[in-house]
Amino acid sequence: LHQWQYKNGLIDRTIIISSARLEKKNDFGLVLKALPYIIQKFPDILWIVIGGGEEEQLLKSTSNRMSLANHVMFLGPIYSEELLAPYMMSSSLFVHPSAIGLSLLHAFGYGLPVVVHGYKDYHGPEYAAFENGKTGLNFEKDNSNDLANKIIELLESPEKMIEMGRYCQHLARSVYNVDIMVERFLKISRYAINN
């Protein structure tokens, strides 16, 4: 991993990552607004953005206009887990500024704490796995300053992020995974058949 990071220019960078379609509904522009505040505390910050979509060019031009090109890496869509994994494994936390679904459990699988807004009615059912303060932090929806503050709070607490990451992996591996979902489905099916 270290060799891969060196080859890809990721050594000595504090990395946060997002992965989703680059569409208006995912509000990645909010992260761009938050970045200047984060840079004040973490001048080596790099936001890796995985995904493509209708907002890609706008986000890139906004990033350039805000002089953030050295702090944002747009990778486009990556569908292969083998290609995606080293980016996730090189990151400190996962940031999703809008409604989250399966991306939450994907981040948990890599042991990444998640920063996401706390309006649960907007999120997919996977959000039930999120525990504010244990699996990441909630920020106030549409508030780039609060988003920046929550990201900074976690990055300033590496021990806390490690602890959160371990708990996230536990949830992904032992509580919210396909095998357990199948087992529960079969249990419900057997109960329905027998009653």
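User: What makes strands 3-2-1-4-5-6 an open sheet?

Analyst: Keep in mind that this is a predicted model. Six strands line up in the order 3-2-1-4-5-6, with parallel pairing. Strand 3 and strand 6 each pair on one side only, and that makes them the edge strands. Neighbouring strands are turned by 25° against each other on average, direction ignored.

User: How do you know that strand 1 pairs with strand 4?

Analyst: Pairing takes at least two bridges. Strand 1 (residues 14-19) has two bridges to strand 4, so the pair counts, and the two run parallel. Isoleucine 17 stands opposite phenylalanine 94 in strand 4.

User: Why is the set around Trp47 and Leu147 called a nonpolar core?

Analyst: The name calls for buried nonpolar residues joined through side-chain atoms within 4.5 Å. The largest such set has 32 residues, and Trp47 and Leu147 touch the most other members. Several elements give two or more residues, among them strand 2 (45-50), helix 6 (144-155) and helix 7 (158-175). Helix 2 supplies the largest share, seven residues. A second, separate core of 25 residues includes Leu10, Ile17, Ile78 and Leu171.

User: Which residues does tryptophan 47 touch?

Analyst: Leaving out residues up to four places away in sequence, the contacts of tryptophan 47 include Ile16, Phe28, Leu32, Leu35, Val72 and Met73.

User: What does helix 2 lie across?

Analyst: Helix 2 lies across strand 2, strand 3, strand 4 and strand 6. Angles here run from 0 to 180 degrees between N-to-C directions, and helix 2 runs at about 165° to strand 2.

How values were computed: Residues are numbered from 1 along each chain as its sequence is written. This is a predicted model: local features need pLDDT of at least 70, side-chain atom pairs count only at pLDDT 80 or more; totals for chains, interfaces and linings use all residues. Side-chain values use heavy atoms; hydrogens and water are left out. Buried means under 20% relative accessible area, exposed over 50%, partly exposed in between (1.4 Å probe, protein chains only). Helices (H or I, at least four residues) and strands (E, at least two) are DSSP runs, numbered from the N terminus. Contact means heavy atoms within 4.5 Å.
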